[in-house]
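Please keep the sequence and the 3D view at hand while reading.

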Amino acid sequence: MSNSSISVSAPSIFCLFCFFYIILLDAILTSLCAVLSVADCCQAKDQYIEQFKDTLNTTVAKSIAGFFVEPIQGVNGAVQYPKGFLKEVFKLVRDRGGVCIADEVQTGFGRLGSHFWGFQTHDVLPDIVTMAKGIGNGFPMAAVVTTSEIAKSLAKRLLHFNTFGGNPLACAIGSAVLEVIKEEKLQENSQEVGTYMLLKFAKLRDEFEIIGDVRGKGLMMGIEMVSDKTSRQPLPREEVNQIHEDCKQMGLLIGRGGIFSQTFRIAPSMCITKSEVDFAVEVFRSAIIQHMKRRDK
Ligand SMILES: Cc1ncc(COP(=O)(O)O)c(C=O)c1O
């Protein structure tokens, strides 16, 4: 590992340059980047790479320790990177001596459907992967996986110690969770029901002026609320709060994220069924209709 103590985080990117949606077989309706006429040319990716290079050149030391990234940004509102962005970023980081760390706490264990790990969807191989949440299905548990070289370097320089590290009960639970994911085909369910859900919510985006974007992959989705589709300004927080509350009153619990708390985050249990999705979409639609009526008064 590098001796430098500085690590770099990815810019919080959102593809506002996008005028078109790419329809990918494995990730229908992701708002990743504008595909103009050349398949491998992505304006957004190029611009964000320039921004990333600027950060490297102006804000951090020449040699960097590492770079942390979530394959889809969770708390920021299910924000996805333009295609090819992470691959290029990993190279830039490694050129400066840094290691690349994928945070799979939200994206791992098959939630994204097409792949077991989120980093696989970017065709990159991290040096370190951190994981939690899905690893224990509610049991408090986490793990870090890395190369033997990095693991050995920890043993050489530090006393690396955890009170509960390698706890047999946690290990038994972790193994059981992996078996259930496989036996109950939960990754496949994330793919199938997740795509179904994305398409249903995308219809609402077409129906309502205040739903600015519906994005995500598998069972990790973001619904971004805007004042209107022209200005794309975030819907005021009080209005989003009201919609959120109405959903709760009708039996639908969803999360929030984004810099302005303007995005609803949906990441349900991976055993969710299509009829449960139908219920969620209907409740959400009713809450939006109620809101539009309040607005028009
Ligand atoms: C993406 C991500 N990384 C890391 C963490 C922290 O995980 P833990 O609470 O297991 O330390 C969280 C918690 O919400 C998270 O969402």
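## Basis and overall architecture

The model is predicted: local features need pLDDT of at least 70, side-chain atom pairs count only at pLDDT 80 or more, and totals for chains, interfaces and linings use all residues. Residues are numbered from 1 along each chain as its sequence is written.

The protein has seven helices and nine strands; helices (H or I, at least four residues) and strands (E, at least two) are DSSP runs, numbered from the N terminus. Of its 297 residues, 37% count as buried. A residue is buried if 20 or more other C-beta atoms lie within 10 Å of its own, exposed if 12 or fewer, and partly exposed in between, with C-beta atoms placed from the backbone.

## The largest nonpolar core

The largest nonpolar core contains 56 residues, of which Val89, Met220, Met221 and Ile223 touch the most other members. Such a core is a set of buried Ala, Val, Leu, Ile, Met, Phe, Trp, Tyr and Cys residues joined through C-beta atoms within 7 Å. Because domain 1 (7–183) and domain 2 (189–296) both contribute residues, the core lies between them; the domain bounds come from an automatic or database domain assignment.

All six residues of β7 (residues 220–225) are buried, so the strand is largely enclosed by the rest of the structure. Met220, Gly222 and Glu224 lie on one side, and Met221, Ile223 and Met225 on the other.

Strand β6 (residues 211–217) pairs with β7 in the antiparallel sense over six bridges; pairing requires at least two DSSP bridges between two strands. Val214 has Ile223 as its bridge partner in β7. The two strands form a hairpin with two residues between them, and Gly218 in the turn has a positive phi of about 60°. Strand β9 (residues 263–266) also runs antiparallel to β7, joined by four bridges, and Ile266 is the bridge partner of Met221.

Glu70, Gly74, Asp103, Val105, Gln106, Ala132 and Ala142 surround the ligand, each having its C-beta atom, placed from the backbone, within 6 Å of it.

Arg256 is found in strand β8 (residues 255–257) and counts as partly exposed, because it has 16 C-beta neighbours inside 10 Å. Arg256 and Gly74 are 182 residues apart in sequence and 9.7 Å apart in space, C-alpha to C-alpha.
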